[in-house]
Amino acid sequence: NTQLELSNTAAKNFIINTDGRVGIGTTNPNINTKLDINGNTKILGLLDLDDGNDNLSVGRFAGDAITTGTENVFLGRGTGGSNTTGFNNVFIGFNTGSSNIGGDENTFVGRRAGQLNSSGNFNSFFGRGAGGQNTSSSENTFIGASAGFFTSSSGNQNTFIGRNAGI
C-alpha cells in the first residue's frame with residue numbers, strides 16, 4: 001500500500017497515509033488522531049464531537065485522561081485534563097478543573113477556577129481562580145475572582161461572593 005497525496009505546486013495539501021490517518025495542511029498526521037488539520041477550519045452544519053461517553057472536550061489537553069467519566073464538557077487548554085471517572089462536570093477556561101479526577105457535577109468557569117479540585121462534588125466556581133485550591137470540598141458556591149481560593153478540603157457548603165471573598 002502507498003499513501004495518497006494531493007498537492008499543488010511543491011506543497012502537499014492533503015494526505016491519507018498507509019494506516020488511514022488523514023492530514024490536511026500537514027504531511028505527517030498526528031499518530032493519535034484519524035484527522036489532523038493544520039490551519040483554520042470552517043464547518044457549516046453539525047459537528048458531532050462525542051467520544052462515545054457523551055463527553056465533549058475542546059482544547060489542547062482538555063479531557064485527555066477520561067476513561068469512564070461521562071457527560072462532561074471541557075472547553076479550554078488543560079481543562080478537565082486529569083478527569084478519569086468524574087461525570088456531569090462543566091469546565092470552561094484555561095486549566096479550569098485541570099486536577100479533577102473523580103469529582104462529579106461541578107461547574108467551573110474562568111481561568112484556573114477549581115484548578116486543584118480532585119474529588120469535590122456539587123461545586124459552582126465562577127471567576128478567575130475561584131475555588132482555585134479546593135481539592136475535595138463539596139457543595140460550595142464561589143463567585144468572583146479568587147473567591148474561596150484557599151478553601152481546600154475542610155470547607156463544605158460555603159457561599160463566597162466578590163473578589164477575594166473567603167480568603
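Q: Which residues gather in the patch of positive charge on the surface?
A: In this predicted model, the patch of positive charge brings together R111, R112, R128 and R163.

Q: Where does R128 lie?
A: R128 sits in a loop, the one running between β9 (124-126) and β10 (141-143).

Q: Buried, partly exposed or exposed, that R128?
A: R128 is partly exposed, because its relative accessibility is 45% and that class lies between the 20% and 50% cut-offs.

Q: OK, switching to salt bridges. How many does the count come to?
A: The count comes to one salt bridge.

Q: Which side chains meet in it?
A: R21 and D19 do, with 3.1 Å from N to O.

Q: And is R21 buried or exposed?
A: R21 is buried: its relative accessible area is 11%, and buried means under 20%.

Q: What about D19, how does that one count?
A: D19 counts as partly exposed, at 43% relative accessibility. So the salt bridge joins R21 and D19, with R21 buried and D19 partly exposed.

Q: Let's do backbone. What is the phi of E71?
A: E71 has a positive phi, about 55°, and E71 is not a glycine.

Q: Where is N164 found?
A: N164 belongs to the segment that follows β11 (159-161).

Q: How does N164 count for accessibility?
A: N164 is partly exposed, since its relative accessible area is 33% and the buried class stops under 20%.

Q: Last topic: which residues form the nonpolar patch on the surface?
A: That patch consists of I43, L47, L49, V58, L75 and I92.

Q: How much accessible area do they have together?
A: About 460 Å² for the six side by side in that list.

Q: Where is I43 found?
A: I43 is in the loop between β4 (35-37) and β5.

Q: And how does I43 count, at what relative accessibility?
A: I43 counts as partly exposed, at 45%. That clears the cut-off for patch members, which is over 30% relative accessible area.

Terms used: Residues numbered from 1 in each chain as written. Predicted model: local features only at pLDDT ≥ 70, side-chain atom pairs only at ≥ 80, totals over all residues. Heavy atoms only, no water. Patch = residues over 30% accessible without salt bridge, like charges linked within 9 Å, V, L, I, M, F, W, Y side chains within 5 Å. Areas by Shrake-Rupley, 256 points an atom, 1.4 Å probe, with all protein chains shown as cover. Salt bridge = Lys/Arg side-chain N within 4 Å of Asp/Glu carboxyl O. Lys, Arg positive; Asp, Glu negative; His and termini not counted. Charge placed at Lys NZ, Arg CZ, Asp CG, Glu CD. Helix = DSSP H or I, 4+ residues; strand = E, 2+ residues; numbered from the N terminus. Buried < 20%, exposed > 50% of the residue type's maximum accessible area, 1.4 Å probe, protein only.
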